[in-house]
Amino acid sequence: MGNKYGEKTHCDPFKTWLRIYSFEPTDYIVGDQVLGGEVAMWSEVSGDLNIHAKTWPRAAALADKYWGQKVDLDMVALFDRMNAFTETLRARGIPSSPITG
């Protein structure tokens with residue numbers, strides 16, 4: 001069983017935070033049409049033990065794209081922002097995956 005592309009599920013392959021960050025939403029937006037955004041987390045790839053760890057790095061990556069300025073990619077600055085956000089989550093008792101690229 002799988003999807004029509006030969007993958008295990010419709011969410012396969014799993015999208016990393018870096019893959020999500022590589023998407024440029026402003027390429028598809030005209031004017032100021034966006035009020036907000038969302039990141040989907042499919043229940044078949046998560047559960048009680050890993051929902052936060054899988055969700056937050058990906059949501060942070062897309063939030064950085066939605067609300068940050070469109071600039072050339074600076075991997076050092078991006079990793080610094082993502083690591084800072086991860087540490088903020090952990091300080092508040094919210095688990096998050098390590099930022100490994």
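Leaving aside neighbours within four places in sequence, with which residues is Thr 86 in contact? Select Thr 86 and display its surroundings: the residues in contact are Ser 96, Ser 97 and Ile 99. The model is a predicted one, and this applies to every stop of the tour.

**First stop: Thr 86**

Thr 86 is found in helix 3. Is Thr 86 buried or exposed? Its relative accessible area is 3%; because buried means under 20%, Thr 86 counts as buried.

**Second stop: the whole chain**

Now zoom out and colour by secondary structure. The protein chain contains three helices and zero strands, and its elements follow the order α-α-α from the N terminus on. Among contacts in the protein chain with a separation of 6 or more, 66% come from residues 24 or more positions apart.

Select residues 51-67, which form helix 2, together with residues 75-91, which form helix 3. Two packed helices are described by the angle between their axes and the distance between the axes. Here the angle is about 130 degrees, and the axes are 11 Å apart. How are the two helices oriented to each other? Angles of 65 to 115 degrees count as roughly perpendicular and those over 145 as roughly antiparallel; helix 2 and helix 3 are therefore oblique to each other. The crossing of helix 2 past helix 3 is right-handed.

Next, show the side chains that make this contact:

- from helix 2, Trp 56, Pro 57, Ala 60, Ala 61 and Asp 64;
- from helix 3, Leu 78, Arg 81, Met 82, Phe 85 and Leu 89.

Coloured by class, the contact of helix 2 with helix 3 shows eight nonpolar, two charged and no polar residues.

**Last stop: Glu 24**

Finally, select Glu 24, located in the loop that runs between helix 1 (17-21) and helix 2. Glu 24 counts as buried, because its relative accessibility is 14%. Not counting residues up to four places away in sequence, Glu 24 touches Lys 65 and Lys 70. What joins the side chains of Glu 24 and Lys 65? Display the distance between them: a polar contact of 2.8 Å links the two side chains.

Conventions. Residues are numbered from 1 along each chain as its sequence is written. This is a predicted model: local features need pLDDT of at least 70, side-chain atom pairs count only at pLDDT 80 or more; totals for chains, interfaces and linings use all residues. Side-chain values use heavy atoms; hydrogens and water are left out. Helices (H or I, at least four residues) and strands (E, at least two) are DSSP runs, numbered from the N terminus. Buried means under 20% relative accessible area, exposed over 50%, partly exposed in between (1.4 Å probe, protein chains only). A polar contact is a pair of N or O atoms within 3.5 Å; within protein, one must be able to donate a hydrogen and the other to accept it, and residues adjacent in sequence count only if both atoms are side-chain atoms. Contact means heavy atoms within 4.5 Å. Axes are lines fitted to C-alpha atoms, for helices over the stretch in contact, and angles run from 0 to 180 degrees between N-to-C directions. Angles under 35 degrees count as roughly parallel, over 145 as roughly antiparallel, 65 to 115 as roughly perpendicular and the rest as oblique. A crossing is left-handed if the near helix is turned anticlockwise from the far one by less than a right angle, and right-handed if clockwise. Ala, Val, Leu, Ile, Met, Phe, Trp, Tyr, Cys and Pro count as nonpolar, Asp, Glu, Lys and Arg as charged, and the others, Gly among them, as polar.
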